[in-house]
Amino acid sequence: MRAVVVGGGASGRAIGAAIAARGWAVQLSSRRTGFDVLRDDVVAALNGADVVVEATGRFTTGRRRATDFFVRSTTAVGSAAAAVGARHVLLSIVGCERPEVQGYGYFAGKAAQERAAATTGAELSVVRSTQWHEFAEQNAGRFRVGRFVLVPGMTVAPVALETVAAVVGDVVTGKRSGRRVEVAGPQVTTLRAMTEALPDPAGRIVPVRLPGALGRAFRDGALLPGPEAEIVGPSFDEWVAVPAAH
Ligand SMILES: NC(=O)c1ccc[n+]([C@@H]2O[C@H](COP(=O)([O-])OP(=O)(O)OC[C@H]3O[C@@H](n4cnc5c(N)ncnc54)[C@H](OP(=O)(O)O)[C@@H]3O)[C@@H](O)[C@H]2O)c1
């Protein structure tokens, strides 16, 4: 059996390793391997695949740019999966559809992606997680201004990417089923506390109080999981204490 993971970076590698550990052949396809999901022939790229995992991302806070990228990516992947008879497994984010976070363009894009993915004709599983433990470092890279790292007020229940990858591996290989799976970590914390705990936050941390209803929603827990989410360790504190894990 064979899976294709569309999307590179840390998530693609972790998911690829989890699928391989379950005995499947797996191929990672992203621009660094010469495959652009927005431009290239996705049907040809999925030829022979039983499952395709969509783990692409483009970081932007703009609603139009995020929606354009995520909808185009998922339409291309889902339609090609339907054409070759592969299942489509989409990575998404707990709470991205909640009305109070739609003012954040990235989440509006992810919510639009989930809706579009449901219409391509492929058999779809959406694996949603909360922010990964690795998110603090991602955020520090994205919002670094000179010597400063801007950290928005955000209450989160982060989960290890490796744990999410294992869940994706089980969904891909049929060890677990479900059209929607939600996973979250066991510890409720803040993005600021996560960033402060990093061995090298890459700059001086500057907490940012986002204004308005969106800022309040982020601080008040709009990204926390609901009762349907499965809670899986390790906690962020356990993870960050083991340097080899990250
Ligand atoms: N980060 C989190 O905490 C988190 C939590 C829950 C869910 N998610 C979701 O999981 C997914 C992956 O997240 P991430 O943080 O790993 O995203 P990311 O780092 O922003 O992007 C993942 C990969 O997408 C690939 N990519 C971008 N444009 C592409 C294109 N046109 N064609 C092919 N590949 C392309 C890139 O690889 P190349 O440069 O090689 O093309 C990149 O490494 C996203 O949908 C995200 O919303 C993330």
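Q: How many helices and strands does the protein chain have?
A: The predicted model has nine helices and 12 strands in the protein chain; helices (H or I, at least four residues) and strands (E, at least two) are DSSP runs, numbered from the N terminus. Its radius of gyration is 18 Å, close to the 18 Å that the globule rule gives for 246 residues, so the chain is as compact as a globular protein of that length. The radius is taken over C-alpha atoms, and the rule is 2.2 Å times the number of residues to the power 0.38.

Q: What share of the residues counts as buried?
A: Of the 246 residues, 52% count as buried. Buried means under 20% relative accessible area, exposed over 50%, partly exposed in between (1.4 Å probe, protein chains only).

Q: And the contacts, what part comes from residues 24 or more positions apart?
A: Such pairs account for 78% of the contacts with a separation of 6 or more, where contact means heavy atoms within 4.5 Å.

Q: Let's move to H5. Which residues are buried there?
A: In helix H5 (residues 135–142), the buried ones are Phe135, Ala136, Asn139 and Ala140. Down the axis of H5 they fall within an arc of 140°, so they line one face of the helix. The arc is that of the directions from the helix axis to the C-beta atoms.

Q: What covers them?
A: The cover includes strand S6 (144–145), strand S7 (148–152) and helix H7 (191–197).

Q: Which residues of H8 are buried?
A: Leu214, Gly215, Ala217 and Phe218 are buried in H8. Their arc around the axis is only 160°, which puts them on the same side of H8. Helix H4 (105–117) and strand S8 (155–156) are among the elements that cover them. On the face turned away from the buried side, H8 carries the exposed residues Ala213 and Asp220.

Q: What comes just after H8?
A: Gly221, with a positive phi of about 105°.

Q: Which residue other than glycine has a positive phi?
A: Ala202 is one, with phi near 70°. Ala202 sits in the loop between H7 and strand S11 (204–208) and is partly exposed, at a relative accessible area of 30%. Most residues other than glycine have a negative phi, and most peptide bonds are trans.

Q: Where is there a cis peptide bond?
A: Between Gly233 and Pro234, with omega about 5°. Pro234 lies in the loop between S12 and helix H9 (236–240).

Q: Back to loops. Is Arg179 buried or exposed?
A: Arg179 is exposed, with a relative accessible area of 59%. Its loop runs between helix H6 (161–172) and strand S9 (180–184).

Q: What does Arg179 contact, leaving aside its neighbours within four places in sequence?
A: Leu124, Ser125 and Val126. Arg179 and Leu124 are 55 residues apart in sequence, with 6.2 Å between their C-alpha atoms.

Q: And Glu228, where is that?
A: Glu228 is in the loop between helix H8 (212–220) and strand S12 (230–231). Glu228 counts as exposed, at 54% relative accessibility.

Definitions and conventions
Residues are numbered from 1 along each chain as its sequence is written. This is a predicted model: local features need pLDDT of at least 70, side-chain atom pairs count only at pLDDT 80 or more; totals for chains, interfaces and linings use all residues. Side-chain values use heavy atoms; hydrogens and water are left out.
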